[in-house]
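Here is a short briefing to read alongside the sequence and the coordinates. Have both open as you go through the points below.

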2 protein chains.
Amino acid sequence: MNTILYKDQYRHLLAIDCIIFGYSNEELKLLLFHREIMPAQGQWSLVGGFVNENESVEDAANRVLEGITGLKNIYMEQVSVFSKTNRDPGGHVVSVVFNALIDIEKHNPDLVRDHGAHWWPISKLPNLIFDHGEMVKQALGKLRNKAGFNLIVGELLPKEFTITQLRRLYNNIFQREFDPGNFRKKILSLGILERLNKKDLSDSKKGAYYYKIKEGVSMVLNERIVKE
Amino acid sequence: MNTILYKDQYRHLLAIDCIIFGYSNEELKLLLFHREIMPAQGQWSLVGGFVNENESVEDAANRVLEGITGLKNIYMEQVSVFSKTNRDPGGHVVSVVFNALIDIEKHNPDLVRDHGAHWWPISKLPNLIFDHGEMVKQALGKLRNKAGFNLIVGELLPKEFTITQLRRLYNNIFQREFDPGNFRKKILSLGILERLNKKDLSDSKKGAYYYKIKEGVSMVLNERIVKE
DNA sequence: TCAAAAGTGTTTTTTATACACCCATGC
DNA sequence: GCATGGGTGTATAAAAAACACTTTTGA
């Protein structure tokens, strides 16, 4: 069996685009790229690239993500496929969109700068080329949906974080204020966080305990964490 | 601007595979295809096909779905992309998977038969080729997730249906028994069903009112219908 | 008249929300 | 000693689940 079987089939240009989420200074941010190639040269776009021969779309996304952040094994999730024939004026390119969550403290800012990329707060995004605006919209919906059932957004925080830091992240993602007491109870009731013997003293005089996600615990909960 | 810009890029074989859900005799079923081409000739597979030039993946899915069911405008939703380089021994084919929900009463059984396709109850599926088993698993998860928040599975029933018929469909999808009284209250509280002046007398002496989905009502609810 | 599904009502349990209040401590 | 976020407890409201009971009518 070999590819000769499929030899008469049309072959498509296949690309990936990444919605790279980061969180710093209490703001949810996206890493956007200042496009230096035609078409749409000089405008802002998502970080993306073509899928090479002998690569899966996940391989391609990992390659592109490592290239721009310096990080391997970034948490990633498919959002959806964009394939309208006229979506890219440079030709029919089919793009698979990924959400990527990174700990913004860990990435390589020099790499980002050298690529002409820039972190933009989610609330003040520039106009994006092609259908990238719609991609971001879907990606945010997917992120909210995920965060509602899953602590995976902890990927956006350092390994050790306080409940208050986590709550502020949730406030940011859902654009509403969660009640501090209720949020804490709900999160701790999931039983997947482990309290450490360390306190963060930057936010209050009393200090807040750091927590981390328990080893070997499943992040797939069947319980709702927060409602939209 | 033209495709010359991207001319050095590798081009991929792009396909779609459809998980075609139908519901009859109180069983959830999938339409599977008896594969008559190499590789894996003679085995069962999902219904699929290559994406042609100047087609979006949705176009391709619609084309394939119409070809085998005779129906247009089938409800469809992306599941995810499968692109491991070794997933198809006949060559590297990237496949976009779609869930499709059809009213099994409306499809063209002759077309299905002529294509060598067959309806299989979800509980007794044959072994599927390649990664199609994993595709079905993801598709079912997606269907459950959707059905938990959305009445879209009404697509699997005739336009007019009783609450009991809808409940039995939900029982089938979630593989559990919903309480008749509570299910009825919950569904009706959504306010998206309209009672008709007709009764179905096939299931009981008393007869059950038919309902239909109200015109122009949004199917996108922010409320949970059932829990898994 | 009775079995069986349709449909309604009531009770209990669980979960979400609102909010009061004590704690610890640097200033 | 007081302002501030950390953390706990409690009261209320809303939603889910369990289940009793009434209705209808063909066999």
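**Helix packing in chain A**

Leu143(A), Arg144(A), Ala147(A) and Gly148(A) are the residues through which helix 3 of chain A meets helix 4 of chain A, where the partners are Tyr170(A), Ile173(A) and Phe174(A). Please keep in mind that the model is a predicted one.

- Two packed helices are described by the angle between their axes and by the distance between those axes.
- For helix 3 (residues 132–149) of chain A and helix 4 (residues 163–174) of chain A, the angle is about 140° and the axes are 10 Å apart.
- The crossing of helix 3 of chain A with helix 4 of chain A is left-handed.

**Domains of chain A**

- Chain A falls into two parts: domain 1 covers 11–148 and domain 2 covers 157–213.
- Where these domains touch, domain 1 of chain A gives 10 residues to the contact and domain 2 of chain A gives 11 residues.
- Between the C-alpha centres of domain 1 of chain A and domain 2 of chain A there is a distance of 28 Å.

**A strand pair in chain B**

- Why is strand 5 (residues 75–82) of chain B described as largely enclosed by the rest of the structure? Eight of its eight residues are buried, so the description follows from that count.
- Strand 5 of chain B runs antiparallel to strand 6 (residues 93–101) of chain B, and seven bridges join them.
- Looking across to strand 6 of chain B, you will find Ser95(B) opposite Phe82(B).

How values were computed:
Residues are numbered from 1 along each chain as its sequence is written. Chains are lettered from A and ligands numbered from 1 in the order in which they are written. This is a predicted model: local features need pLDDT of at least 70, side-chain atom pairs count only at pLDDT 80 or more; totals for chains, interfaces and linings use all residues. Side-chain values use heavy atoms; hydrogens and water are left out. Axes are lines fitted to C-alpha atoms, for helices over the stretch in contact, and angles run from 0 to 180 degrees between N-to-C directions. Helices (H or I, at least four residues) and strands (E, at least two) are DSSP runs, numbered from the N terminus. A crossing is left-handed if the near helix is turned anticlockwise from the far one by less than a right angle, and right-handed if clockwise. Contact means heavy atoms within 4.5 Å. Buried means under 20% relative accessible area, exposed over 50%, partly exposed in between (1.4 Å probe, protein chains only). Two strands pair if DSSP finds at least two bridges between them. Domain bounds come from an automatic or database domain assignment.
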